[in-house]
Amino acid sequence: MALLEVRDLRLAVGGKRILHGVSLSVEQRAVHALVGPNGAGKSTLAYAIMGLPGYAPDGGDILLDGKSLNGLAVDQRARLGVSLAWQEPARFEGLKVRDFLLAGAAHKDEDALRDALRRMALDPGLYLDRMVDTSLSGGERKRIELASILVMKPKLVIADEPDSGIDVEALRHMFELFDRLRSEDVTVLLVTHSADVMAHADTATLVCCGRTVEEGPAEQIRSYFVDQCLPCPFHDPSMRPDES
Amino acid sequence: MSTDYEMMLDVYRGLGQDSSVFSESDVAHLVIHGNEVIGANLVPGLRVEPEELEDGVRVGIVVEEGAAIENTVHMCFGVLPEEGLQRILLDVELEPRSRVEVLAHCVFPNALDVTHKMDAQIRLGEDAAYRYFERHVHGSEGGVLVVPHAQVHVGAGASFETEFELVQGRVGQIEIDYEGWCAERALMRMIARMSGRGDDRIQVRETAHLDGPDSVGVLLSRIAVRDRAWADVYNELTASAPGARGHVDCKEIVQGEAVARATPIVDVRHPRAHVTHEAAIGSVDSRQLQTLMARGMSEDEAVELIIQGLLSKKEKAEAD
């Protein structure tokens, strides 16, 4: 059975319809890429799965382990095993990395925090007492965000544009992390418009203009995406399908 | 040893502080209960001259020229009964090239109708350094009126850093008014961190005049108000000399029916002076809230953690 199933999801934000009936299915222990050009509705779908305020669907369903998530708040979904790593992680004045990691840690022990930081190539001795604020670079902040998800031990990690704002070395660690998560029964949904990031996925769903275009093995979707979507033929809004 | 003294130390221990500092001969301390000095210890280079008045206590403090007080000086001010008035006239002089760090606890744990007034005149001589951290601990009823006023003159090359914290217990009503003047190369850094609940009222007025060339001023406020609490922060920074630079930074989190206001005033009177300011008032940042909730925290837990962070002790670098 799929861990995550999205069925014909429809959603409008601020009166504008973004999702016109997206469907996707993500198997357990898969790294699944949700791919599409800018404005395709990828992040909107990610936020809807996480249950963020303002992203409640008006049609369709989101199922985790066969159970509907519709109507559940963000924290309720997190406790069921869903978590989200933002494209631009939040910064917290006065909050130490240690306390940030502890906020969601499944086991409140220091060793788990240290291990998570090491897995993101961050020295715990240097980072645990640092603040999660503007003193961290964007790349450091992103790795700490992922470390905070590691200590949660979720079932499903949604990583929104994980490659944005980080250097090549950090990206390599991130891909290693996704491999390791897969081996630890964690499912990863990569939200991306990068063909390079897609190369690290097992399966993929291509969305465009709020609709599912294609779903299947990542390599197959990647070829389609590279051939058909780059550059995006709907970049000109007048070329887009009817959004009503 | 008086019972009041022992009770003050009990309160101090209750705050998780090490009360043994009050019995160490190489650690200076001063304990004032109500308007009475009930404990004091001095170290070489530090002179303290208390004088009990009819309606208060006057305390003269002198750090002698060139003296560097090695250990933090501990002060404990408080009123233990439910009612009372404490009025402290503080006259602090740091002579040239002297330095001292002071940790003051102001405790009013049982207050129902207590007034604490502090009028301080502080003068720092050339190249002196004074760090003063004041932590207030109030009871759960908020029956305290706290009125600390200070005028600070920071001499050439001297540095004055003060941090005021009131995050434990109810504020009651507080009216802070600090004003400082900086000579050339002087540094003034003033930080206020407070948390108001119920019908607490917080009024902060901090003014720094960067009169000397290359002087530096930082005014930083972090306030959280909940329920029906009210906060008004006025920060004024004037820069009138070449190379003077400063920053005003006020953040306030508002929850429930609370009200917060911020007035940053930046007054620059020299083309080579530079002052910046930022003020942010509002509810908890939604991205921060959602991030913590996406880790499984409830909304209330997440809000509490964000506020704790905002009100946490500020590192020196952060305030720069």
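Reply: Let us begin with one pair in a predicted model: B:Val92 stands opposite B:Ile122 in β8(B).

Me: Which strands of chain B do the bridges join here, and how do those strands run?
Reply: Strand β6 (residues 83–94) of chain B and strand β8 (residues 113–124) of chain B are joined by 12 bridges, and the two run parallel.

Me: In what order do the 10 strands of the open sheet in chain B come?
Reply: The order is β2-β1-β5-β7-β9-β11-β13-β15-β17-β19 (chain B), and the pairing in this open sheet is mixed. At its edges stand β2 (36–41) and β19 (274–282) of chain B, and because each has a single partner strand, one side of each is left without a neighbour in the sheet. From one strand to the next, the twist averages 5 degrees. As an example from within the sheet, strand β13 (residues 187–196) of chain B and strand β15 (residues 216–225) of chain B run parallel and are joined by 10 bridges, with B:Leu219 of β15(B) as the bridge partner of B:Met190.

Me: How many strands form the open sheet of chain A, and in what order?
Reply: There are 6 strands, in the order β6-β7-β8-β3-β9-β10 (chain A), with mixed pairing. The edge strands, each of which pairs on one side only, are β6 (82–85) and β10 (211–217) of chain A, and the twist averages 15 degrees from one strand to the next. Strand β3 (residues 31–35) of chain A runs parallel to strand β9 (residues 203–208) of chain A, the two being joined by 4 bridges, and A:Ala33 has A:Ala204 as its bridge partner in β9(A).

Me: Which helix packs on that sheet of chain A, and which strands does it touch?
Reply: Helix α7 (residues 168–183) of chain A does so, touching β3, β7 (156–160) and β8 (187–192) of chain A, and the direction of this helix makes about 150 degrees with that of β8(A).

Me: At what angle do helices α2 and α3 of chain B pack?
Reply: Helix α2 (residues 286–293) of chain B and helix α3 (residues 299–310) of chain B pack at about 125 degrees, with their axes 9 Å apart, and that angle makes α2(B) oblique to α3(B). Their crossing is right-handed. On the α2(B) side the contact is made by B:Gln288, B:Leu289, B:Leu292 and B:Met293, and on the α3(B) side by B:Glu299, B:Ala302, B:Val303, B:Leu305 and B:Ile306; sorted by class, these are 7 nonpolar, 1 polar and 1 charged residues.

Me: How many residues does each chain give to the contact between chains A and B?
Reply: Chain B gives 18 residues and chain A gives 18 residues. On the side of chain B, the elements that give two or more residues are α2 and α3 of chain B, and the largest share, 6 residues, comes from α2(B). By class, that side has 7 nonpolar, 7 polar and 4 charged residues.

Me: Where in chain A is confidence lowest, and where is it highest?
Reply: Confidence is lowest in helix α9 (residues 218–229) of chain A, at a mean of 82, and highest in helix α2 (residues 74–80) of chain A, at 97. For chain A the mean pLDDT is 89, and 94% of its residues reach 70 or more.

Definitions and conventions:
Residues numbered from 1 in each chain as written. Chains lettered and ligands numbered in written order. Predicted model: local features only at pLDDT ≥ 70, side-chain atom pairs only at ≥ 80, totals over all residues. Axes fitted to C-alpha atoms, helices over the stretch in contact; angles between N-to-C directions. Parallel < 35°, antiparallel > 145°, perpendicular 65-115°, else oblique. Left-handed = near helix turned anticlockwise from the far one by under 90°. Contact = placed C-beta atoms within 7 Å. Nonpolar A, V, L, I, M, F, W, Y, C, P; charged D, E, K, R; others polar. Pairing = 2+ DSSP bridges. pLDDT = per-residue confidence, 0-100.
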